[in-house]
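Thanks for coming. I have one model to go through, so please look at it while I talk.

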Amino acid sequence: MTRYIIRRILQLIPVILGISIVTFLMMALVPGDPVVLMLGQHISPQTVENVRHGLGLDQPMLTRYIQYMWNALHGDFGRSYIQHQAVSQMLLDKIPVTFRLTVVAMVIAVTFGVLIGILSAVKQYSFWDTFATFFAMTGVSVPTFWLGMMLQLLFGVILHILPVSGTGGEGFHLQNYILPGLALGYASMAMYVRLTRSSMLEVIRQDYIRTARAKGLSGRIVIFKHAMKNALIPVATQAGMDFAGLMGGAILTETIFSLPGIGSMLFNAISRRDYPVVQGVTLFLALVFVVINLLVDISYAVLDPRIRYD
Amino acid sequence: MLRNRKAWSIIIATMLSATLILSGCGQTAAPAKDGATTSSKPVDGGTFRFGMISSPSNLEPAFLEENNGIEIGKELYDGLVRYDPKTLETKPAIAEKWDYSADKKTITFHIRKGVKFHDGTEVKAQDIIDDWNRLAAKETASPVSFPLEPIVGFKDVNSGAAKTLSGLKKVDDYTLEVTLSEPNAAFLTSLGHPAVGIYKIAGATKAGKDFGTPASTPETIIGTGAFKFVKWNADQDVTIDKFNDYYGNKVHVDKVVYKIYKEESTAINDFRAGNLDYVDRMPPGQQQAIIKEFPGQTIKNVALTTEYIGFNLNKPPFKDNVNLRKAIAYAIDSKSVIDTVREGISTAANGPLPAGMPGYDKDLKAPTYDKEKAKEYLAKAGYPDGKGLPVIQYAYNFTQLNQKVAEAFQGQLKEVGIQTELKNLEWGSYIKALQSGDSQMFRLAWGADYPDPDDFLRILYSKSQWGANNDTFYSNPEVESLLAQGLTETDTAKRMAIYKTIQEKVVADQPAVWAFNTTYLELFGKNVHDLTISALDQKDMRTVWLSK
């Protein structure tokens with residue numbers, strides 16, 4: 001296992017390098033000049049030249065890339081063209097927000113998704129199964145934007161029990177993440193319901209479950225100890241991928257709830273050609289995906305002792 | 001639990017609005033109450049919670065280029081002069097008075113004694129010289145150093161050939177002499193832009209590259225304004241506190257917190273929840289609903305911005321065909337588009353200058369919607385009923401509103417026989433295409449940096465701005481000469497007469513159709529008083545107060 005982990009970590013190097021080259025090329029090739037986007041109305045040729053020089057954009061692309069990577073190796077990801085803040089600091093500010101939002105959303109999605117999914121499988125074709133299907137359908141149908149607004153209105157404006165927006169200041173304020181977590185987690189939750197249901201239905205028809213029941217074990221032990229462990233393998237895979245995806249993709253939720261996270265930072269940076277920020281976020285997200293993939297693979301071994309990597 | 005009928009109506013209204021946004025529908029218009037908020041005896045204290053849509057980019061004066069940065073920056077940094085928020089007249093600020101030399105090239109500013117930086121030290125002439133040298137420097141790469149352009153030596157400093165502006169001279173600690181390359185009537189007004197606001201350079205030096213970023217601290221942003229910097233939580237909020245040693249009139253609120261939103265609807269929900277005192281932008285498609293939901297709590301503020309449809313005069317079919325340009329001007333019905341697409345929240349423009357700008361001519365007769373005249377001019381242009389006229393490319397930078405407006409205008413043009421093909425681009429590519437002349441007919445807007453007609457007319461209609469801001473590639477030697485006269489004429493009455501003539505000539509040449517003056521609907525709480533919003537769309541935090 002240790003050798004496997006070391007091998008996977010070493011594989012990170014070419015992956016990150018490849019992603020950095022692709023991102024750099026893409027940002028350089030897409031139309032739109034960052035200097036034009038930065039400058040407002042009064043554009044004089046001297047101003048354009050000064051800004052271009054100040055950003056190093058008058059250098060050849062290869063020189064810029066090598067310089068960027070050299071600095072990145074020393075922990076310097078450059079400065080935002082727009083805010084002039086160090087990208088590393090921007091990432092440090094925003095990663096905790098996105099991480100908290102993702103964790104809350106995942107906890108909501110997986111906990112409720114799995115429980116409802118199990119209920120739906122165990123009580124197949126019952127009212128609960130129909131309810132779960134309805135729940136899943138609405139989850140994937142309701143737009144996050146609309147759901148977020150409704151949650152704000154109900155819990156923030158009418159009932160005054162949860163904040164409408166923001167992070168609540170420094171540190172972790174759970175109450176500020178519940179509504180965005182719900183809005184973000186609902187669509188995923190619906191998917192976990194369906195995934196758990198189908199996986200569970202497959203598992204509870206296996207011989208070892210029949211054996212467990214024949215041994216006289218209670219239904220609860222059979223489901224939660226024997227069936228659930230195997231039924232959760234596809235859920236774990238999906239959860240891993242979702243976690244990585246949400247770390248970079250919760251743009252709408254971050255926007256509606258005014259959460260300063262990675263998603264909206266990347267979106268803004270792309271639309272304003274803020275190359276250093278795009279590079280920094282992309283490299284960070286690549287790292288997240290690779291690490292999460294590794295953790296998911298390791299979790300297989302924990303969930304199913306027959307899986308070995310040595 | 002939801003016993004309250006109002007609560008239900010809010011939910012239903014918002015559900016409908018959210019659904020409308022999702023389906024891309026607009027709403028019909030109705031008038032809102034205009035003007036500033038009510039006034040009675042001011043109460044001191046409290047925190048003004050300002051709902052701001054989108055984050056400021058940077059708070060260093062040299063980078064106060066976009067609206068939100070300017071909004072906060074103008075409270076932190078006072079300049080030598082400021083604008084009266086109601087009349088936009090240029091008034092003394094750090095400079096208590098100024099004199100012109102006989103040739104009008106040199107201005108002597110007399111600096112007010114006792115003006116304090118936020119660290120308690122006094123502002124002196126050398127501080128202003130240091131700040132301005134930094135603003136003009138090549139390495140600062142400021143996009144807003146334009147107010148200093150008329151000063152002798154600017155080009156050398158801006159290109160890196162010199163370190164200090166030779167046109168700045170400290171006479172004594174309280175007297176600053178500024179020499180211009182030539183008389184410039186707009187110079188004094190341009191000094192009200194917060195980019196030339198005064199701050200303590202030692203703070204900037206201490207902060208290094210972090211100056212003006214969210215990493216700023218009260219020890220690095222040391223301004224001269226009525227409020228001092230406290231903290232900036234990136235993409236969340238900016239807090240400023242009342243500066244007790246401010247030289248100007250007494251400020252009423254203790255603190256202003258600019259809460260930053262990415263989505264207007266969220267800010268409105270926070271306002272409904274009682275977490276905000278003011279919101280500066282409304283969600284598209286919901287403006288009339290908001291006016292009805294908050295009667296007497298909205299202001300329609302007409303900004304010094306003109307939105308127009310420009311014609312590329314260097315290319316067919318608009319080159320040398322003023323009749324075709326006039327035909328389009330007569331075919332376009334801005335008022336109906338305001339009532340439908342723009343929710344009644346805009347003003348129809350009557351020419352290049354927006355109402356409220358010095359030199360604005362309310363009697364200017366630019367063509368307005370007249371279908372018959374449009375057909376008449378189309379025939380004069382050589383295309384009776386549009387026959388023989390190729391499909392015109394009509395470009396706009398993509399926003400939902402721009403798209404809807406373009407579609408509405410496209411329909412109006414089709415009615416007289418003018419076929420257009422819509423083309424949308426994102427801003428970066430769009431502006432580059434316009435500057436390089438890769439356009440036929442396009443949508444653009446210009447907002448005043450400072451309240452002077454030169455900032456509109458020279459920027460948009462002088463040949464010197466080809467490839468920069470004059471994207472119609474308009475050139476008229478008479479106008480060019482008048483623009484030069486207007487800039488150097490220091491007699492206000494004579495100057496305004498020059499700009500009146502310029503406008504008439506530009507309108508006669510019709511390089512554009514001036515469609516709208518941008519108008520913002522802004523929402524304030526019942527406890528908010530004496531909130532003055534200028535035509536530059538700047539809200540004056542020095543006068544506002546909150547009732548208990």
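This is a predicted model: local features need pLDDT of at least 70, side-chain atom pairs count only at pLDDT 80 or more; totals for chains, interfaces and linings use all residues.

Residues are numbered from 1 along each chain as its sequence is written, and chains are lettered from A and ligands numbered from 1 in the order in which they are written.

B:Ala195 sits in the loop between helix H5 (187–190) and helix H6 (201–207) of chain B; helices are DSSP runs of H or I, at least four residues, and strands are E runs of at least two, numbered from the N terminus. Is B:Ala195 buried or exposed? B:Ala195 has 29 C-beta neighbours inside 10 Å and therefore counts as buried (20 or more is buried, 12 or fewer exposed, in between partly exposed). Its C-alpha atom is 7.0 Å from that of B:Phe63, 132 residues away along the chain.

Now the interface. In chain B, 49 residues are in contact with 46 residues of chain A. On the chain B side, helix H1 (5–23), strand E10 (255–261), helix H7 (264–272) and helix H13 (427–435) each supply at least two residues. H1(B) gives the most, with seven residues. That side divides into 21 nonpolar, 15 polar and 13 charged residues; nonpolar covers Ala, Val, Leu, Ile, Met, Phe, Trp, Tyr, Cys and Pro, charged covers Asp, Glu, Lys and Arg, and the others, Gly among them, are polar.

Conventions. Two residues are in contact if their C-beta atoms, placed from the backbone, lie within 7 Å.
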